[in-house]
Amino acid sequence: MLLGQNHQEYHESLEAVDDQADNPSNSGSLNEMVESGRRNFLKGGLGLAMAGFLGGSGLVSTAQAHYRPSQRPDIGFNPIPVEQNPNFDTVTVPKGYSAQSFFSWGDPVEQGAPAWQKDASNTWQDQMKQAGQNHDGIWFFPFRDKPNDQGLLVMNHEYINPTLHPGGLTFKEDENGLRFRPESEVKKEMAAHGVSIIEVKRSTDGAWVRVMDSKYNRRITGMTPMALTGEAAGTDMLKTMADPEGRTVLGTLNNCAMGFTPWGTYLTCEENWKNYFVNRDKDDYAQRVSHHRYGVSNQQNSAYYAWESVEPRFNATPDKEQAHGGYVNEPNRFGWVVEIDPFDPKSTPKKRTAMGRLVRECSTLSLGDSGQMAFYFGDDTRGEYVYKFVPDKVYDPKRLTSNTDILDSGTLYAAIFHDDGKGEWKPLVFGQGGLTRRNGFFSQADVLINARRAADIVGATTMDRPEWVAVHPTTREVYVTLTNNKHRGKKDDQSTNAANPREDNRHGQIVRFTEAQSDPTAITFDWEVFLLAGDRPGATLADNSKVPENLIGNIKGDIFSSPDGIWFDFQGRLWIQTDYGDDSERNYNMGTNQMLCCDPVTAEVKRFMVGPRGCEITGVTTTPDGKTMWVNIQHPEISFPASDGKTRPRSTTVMITKDDGGVIGS
């Protein structure tokens, strides 16, 4: 139960919930403003950014697509050491770089938002207009005329911390074990989830500033109306007593990693949404795949915050007296990719059901020679799968409006990693590969809503908690972070395999694969373990004991644990971010969480940044020229960014520049 208010206790309780494996298997037209904003982005902003991202021409040439670069990317900084000080409360970057706090929880976003109060006394109405908590995935959308000097920063807010309230989270419990929460706290927590959109620019003196009165500034929260679109929209499994049409849902939750589209929209992904719901009916739960296969609570209370005590829609216990069973289908309305148009502050976010329902970490684009696309996902739970979605239509940069709903039709695939280094994508299509009535599927909507179960049936490979995905800007090689898996080799359904070779895998690995002919739509690929994270051979821990074999990695260069965020910059450097418990004995040699830069040719790793005690480092983006970088510091423990030992800590976006004005990492 999440009753603890202290940082370590609270995050350990979250981790204990998330540690539970869910896998029991073996195996339109645009209005003038929107058009103007989008064209600003596409013609200049994304056009230039994507030119860098895709190798200089907007689309990768055939020669580039089949070539693994022999030249190493320019990684010129001197790496920094680990930070083991238990009271460390700031950010360190290499000599020649500067880092400064840029955007923190509680900062005003929408016009009329009040300032953040140090005692956390802001109301839920205030929070609706302020930056949410736990900054995560982030992307910079540049403007046409000044692509390296002005644009929109869009970022996720994953979940909340006890620091959101003056005295922490308030719970009461009755004699039956039911938990109850104050309405004002629950609404503030819902308001602190979601997405922030802010306009930023360089001022006349060269410093980056917020555009506080920008028409684009916007908060999207756990209460924002959203449209359900695609194959599953409007079907019975998405209908509730409050939404009998099954097409409108309130809010997006647990927004972790993200993606973007070549037509200029932001993709936020719903990760551990399962922990916000409860179904107390044991018999119903046992037969309702859309609940038990995803880990919705079957106890007295939801796993996280007991929102169901205030907001009935989080109580998914079936109610036979209500239409559509009350809110039994509400969990089915989360776990989707949500597409947001950052250039239209009045637009309705769209949950794209064709992309499948997962405990999704990211939605990473790979764009082919002729506009064919794939979007890659990690399903972030131990023993789950890697997926991709291939839209039916190709991207047409000359017909902007034709791309508006391109994510509403396509094929979802799950990955099989064979032990011989070959791989294949299994389509999750009704009527194929066992996805039939005999196995409980009656339509494609059933397959999409129960994508995990569909992947079980087609024999996808269980992975060690698949998280972010990165695609190389020229070769289209795909890199997947597998953060850790304490169940590997210990559970019958998670035996070791070539892609997940380490028993009791506490440090994780990165797997790299190449699609056949470097075509994002291919159905076969070649793969390899790029690196195993962990300590060096012969290392010892704080008590001078030898590091166990299962904690030894093969990193060339600077060690780290639990790779999570991963991203290629436009020049081809691979950036790796970590998420491990920095107070754990096994992570003693790692220090606080880190961001590292990796050469994809040699696999050499250099430590670029260390964060404050208790944080996760997550989310990274740059301007198209690579000279300004933004990185998110999530849930710092002590007092960052004030770093005075007494101010309430705040998740914060940090801006990094090179003192000589050069490219970050060079």
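**Reading rings and cysteines**

Tutor: Y276, F277, Y304, Y305, W307, F314 and F334 come together as one aromatic cluster. Keep in mind that this is a predicted model.

Student: How many aromatic pairs are there?

Tutor: Rings pair if their centres lie within 6.5 Å. The count here is 38 aromatic pairs. One of them joins W575 and F608, with 5.1 Å centre to centre and 80° between the planes.

Student: Is the pair of W575 and F608 stacked, tilted or edge-to-face?

Tutor: Planes over 60 degrees apart count as edge-to-face, and W575 and F608 form an edge-to-face pair. W575 belongs to strand β28 (residues 574-578) and F608 to strand β30 (residues 604-610), so their contact ties together parts that are 33 residues apart in sequence.

Student: Are W575 and F608 buried or exposed?

Tutor: Both W575 and F608 are buried.

Student: Which charged residue sits over the ring of F171?

Tutor: That is R181, whose charged end is 4.7 Å from the centre of the F171 ring. Elsewhere, K606 lies over the face of F77, 6.0 Å from the ring centre.

Student: Let's turn to cysteines. How many disulfides are there?

Tutor: A disulfide is a covalent bond between the sulfur atoms of two cysteines. Here the count is zero disulfides. C256, for example, is in no disulfide, and the nearest cysteine sulfur, in C269, is 8.8 Å away. C256 counts as buried, at 3% relative accessibility.

Terms used:
Residues are numbered from 1 along each chain as its sequence is written. This is a predicted model: local features need pLDDT of at least 70, side-chain atom pairs count only at pLDDT 80 or more; totals for chains, interfaces and linings use all residues. Side-chain values use heavy atoms; hydrogens and water are left out. Rings of Phe, Tyr and Trp (its six-membered ring) pair if their centres lie within 6.5 Å; planes under 30 degrees apart count as stacked, over 60 as edge-to-face and the rest as tilted. Helices (H or I, at least four residues) and strands (E, at least two) are DSSP runs, numbered from the N terminus. Buried means under 20% relative accessible area, exposed over 50%, partly exposed in between (1.4 Å probe, protein chains only). A charge sits over a ring if NZ of Lys or CZ of Arg is within 6 Å of the ring centre and within 35 degrees of the ring normal. A disulfide is a pair of cysteine sulfur atoms within 2.5 Å.
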